[in-house]
Amino acid sequence: SRHRFMVQVQAWQQAWKAMGKELQLRDESAPQINNDAHQVHLEFSHFSTVLRSKGLLWVDTQVASAITWSQAGRSLSLTNVGPWMANDALPADVQKAGPRTELVFIGANMDEAAMRIALAACVLTEEEHKAIS
């Protein structure tokens, strides 16, 4: 779910702030909304040691659109690049395979198991997926 995923990203931002830095989020995939009720107050994130990440997202709030993810250092950008099929912004193999999430993380001393668990918690349940299909 987009909401559960953004909770993980916000925890990542809080971890960067605790280190005296700030992860600059730029979410271009959806209208800006007030998320005060969902703020995460953590000083630790399993993603805090990530230096670079990129990939594609399928999110429940924009089921027909591909979202690109690009992060380097403190800058993170989520961009809606349009429909999954017949989209010149996406490689041919991605267009052929259709909607999915593929992310790559590069960093130092990353806890891959913990990161996988955190991301798996963002995946829709079967009931949630049926509700939007």
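**From a buried loop residue to the aromatic cluster**

Asn87 is found in the loop that runs between strand S4 (75-83) and helix H2 (92-97). The model shown here is a predicted one. Is Asn87 buried or exposed? Its relative accessibility is 8%, and because the limit for buried is under 20%, Asn87 counts as buried. The side chain of Asn87 has two polar partners on the backbone. One is the backbone oxygen of Pro83, which the side chain of Asn87 reaches at 2.9 Å. The other is the backbone nitrogen of Ala89, which lies 2.8 Å from a polar atom of the Asn87 side chain. With neighbours within four places in sequence left aside, Asn87 is in contact with Val81, Gly82 and Gln95.

Strand S4 also holds Leu78. At 4% relative accessibility, Leu78 counts as buried. The C-alpha atom of Leu78 is separated by 9.7 Å from that of Lys54, and these two residues are 24 residues apart along the chain.

Not counting residues up to four places away in sequence, Phe47 touches Gln8, Trp12, Phe105, Met115, Ala118 and Leu119.

The structure holds three aromatic pairs. A pair of aromatic rings is described by the distance of the centres and the angle of the planes. For Phe47 and Phe105, the ring centres are 5.5 Å apart and the planes stand at 45 degrees, so this pair is tilted. Phe47 lies in the loop between strand S1 (24-27) and S2, whereas Phe105 lies in strand S5 (residues 102-107), so the pair ties together parts that are 58 residues apart in sequence. Phe105 is buried, with a relative accessible area of 18%.

Phe105 also pairs with Trp69: the centres of their rings are 6.3 Å apart. Why is the pair of Trp69 and Phe105 edge-to-face? The planes are at 75 degrees, and a pair counts as edge-to-face when that angle is over 60. Trp69 lies in strand S3 and Phe105 in strand S5, so this pair ties together parts that are 36 residues apart in sequence. Trp69 counts as buried, at 3% relative accessibility. Phe5, Phe47, Trp69 and Phe105 form one aromatic cluster.

The last topic is confidence. The protein chain has a mean pLDDT of 81, and 83% of its residues reach 70 or more. Among the elements of the chain, S5 has the highest mean pLDDT (95) and S1 the lowest (56). Over residues 29-42 the pLDDT is below 50, although in the model this stretch has 20 contacts beyond near neighbours in sequence. Where pLDDT is low, the predicted coordinates should not be read in detail.

Notes
Residues are numbered from 1 along each chain as its sequence is written. This is a predicted model: local features need pLDDT of at least 70, side-chain atom pairs count only at pLDDT 80 or more; totals for chains, interfaces and linings use all residues. Side-chain values use heavy atoms; hydrogens and water are left out. Helices (H or I, at least four residues) and strands (E, at least two) are DSSP runs, numbered from the N terminus. Buried means under 20% relative accessible area, exposed over 50%, partly exposed in between (1.4 Å probe, protein chains only). A polar contact is a pair of N or O atoms within 3.5 Å; within protein, one must be able to donate a hydrogen and the other to accept it, and residues adjacent in sequence count only if both atoms are side-chain atoms. Contact means heavy atoms within 4.5 Å. Rings of Phe, Tyr and Trp (its six-membered ring) pair if their centres lie within 6.5 Å; planes under 30 degrees apart count as stacked, over 60 as edge-to-face and the rest as tilted. pLDDT is the predictor's confidence in each residue, from 0 to 100.
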